Amino acid sequence: MPLTSTLRMAALALLWGSGFLWIKLALNHGLSPAQITITRCALGTAVLLLLARSAGQRLPRDRGTWGHLVVAALFCNAVPFALFSVGEQTVDSGVAGVLNATTPLWSLLIGIALGTDRGLGRLRLTGLFLGFAGTLLIFAPWHRSGLLTWGALALLGAAASYAVAFAYMARTLTGRGAPLAVSAAQLLTATAWTTLALPAAGPVRTDATGLLAVTALGVLGTGVTFYLNYRLIADEGPTSAATVGYLLPVVSVGMGAVVLGEDVGWRVLAGMGVVLVGVAFSRPRPRPRHPYPFPSTHGGSAPSPPQSRCALVLKRRTG
């Protein structure tokens with residue numbers, strides 16, 4: 001992998017993994033989950049609109065695409081963004097990053113339920129079992145200090161919502177226009193969804209740290225990272241880009257411990273390891289990658305973080 005792609009991958013892991021830290025900081029400094037979600041969507045939309053314009057890509061114009069974007073924006077952006085903010089009110093940012101890694105497992109379950117994922121062997125079934133066993137180890141419902149709370153369930157709900165969105169987007173949005181422009185349109189639609197929560201957002205009572213945190217979350221953790229991932233997929237293929245997904249829990253746990261002083265116990269670390277091994281086993285074998293110039297696209301499948309998967313879904317069979 002060229003040095004530029006390696007640096008881009010490292011930047012992606014750092015920015016995406018730090019998103020859980022920004023959410024926690026914004027919450028700790030007075031912002032409500034609704035305020036964080038609305039601001040994040042709006043700032044991410046602004047960044048993607050600028051990038052799409054600079055790339056010469058136009059927003060979709062047909063009603064069919066916008067109709068599908070309404071659904072995709074709800075499950076891929078508005079709902080999970082809100083649930084992550086709600087969940088981190090009571091759960092550490094590091095744990096939130098670990099639970100986020102269960103998204104590919106939910107995707108596999110949905111594929112099995114819909115009959116679209118028939119390539120199940122012993123290895124993938126073992127991965128599915130290990131992934132949810134690791135999640136159970138993190139929750140430890142049998143232990144008084146376990147994480148089986150409404151906040152933790154909200155975080156799992158966010159991961160499951162991403163999986164629902166990916167299944168829907170793969171069927172309805174694949175091949176509909178330029179990926180950056182479609183992504184900008186999706187976040188624009190998500191912003192419209194989140195504004196419905198304005199009456200419950202309450203007055204803004206925060207400080208400079210809270211404002212900086214939510215700005216970093218929207219601009220860097222949502223807008224810029226999508227573009228970096230877009231370039232990484234185009235330059236190195238979806239399999240290499242998906243590797244970032246394995247780094248996010250490590251970054252979130254590390255940053256939570258260093259910056260916020262979060263206590264990372266052996267049970268959470270062990271659960272994280274089991275979840276990541278399970279995710280690795282549960283994914284289908286990636287297709288051989290052939291070089292292609294930016295922004296041409298090819299299919300592929302591999303474990304990846306939520307927004308990485310959004311970019312991958314939108315890029316398949318387009319260009």
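Here is a walk through this predicted model, with a stop at its aromatic rings. Residues are numbered from 1 along each chain as its sequence is written. Since we are looking at a prediction, local features need pLDDT of at least 70 and side-chain atom pairs count only at pLDDT 80 or more, while totals for chains, interfaces and linings use all residues; side-chain values use heavy atoms, with hydrogens and water left out.

Let's start with the whole chain. The protein chain has 15 helices and zero strands; both are DSSP runs numbered from the N terminus, with helices being H or I of at least four residues and strands being E of at least two. Of its 319 residues, 53% count as buried, meaning under 20% relative accessible area, with exposed being over 50% and partly exposed in between (1.4 Å probe, protein chains only). Among the contacts with a separation of 6 or more, 86% join residues 24 or more positions apart, a contact being heavy atoms within 4.5 Å.

Now for the rings. A pair of aromatic rings is described by the distance of the centres and the angle of the planes. Rings of Phe, Tyr and Trp (its six-membered ring) pair if their centres lie within 6.5 Å; planes under 30 degrees apart are stacked, over 60 edge-to-face, and the rest tilted. That gives four aromatic pairs here.

One of them is Phe84 with Tyr162, a tilted pair at 6.1 Å centre to centre and 35 degrees between the planes. Phe84 sits in helix H4 (residues 63-87) and Tyr162 in helix H8 (residues 150-172), so this pair ties together parts that are 78 residues apart in sequence. Phe84 is buried, at 2% relative accessibility, and Tyr162 is buried too, at 3%.

Another pair is Trp106 with Phe132: their centres are 5.2 Å apart and their planes at 80 degrees, so the pair is edge-to-face. Trp106 belongs to helix H6 (residues 103-114) and Phe132 to helix H7 (residues 122-139), so parts 26 residues apart in sequence are tied together. Trp106 is partly exposed at 24% relative accessibility, and Phe132 is partly exposed at 24% as well.

Back to Tyr162 for a moment: ring pairs link Phe20, Phe84, Tyr162 and Phe166 into a cluster. The C-alpha atoms of Tyr162 and Ala72 are separated by 9.3 Å, though these residues are 90 apart along the chain.
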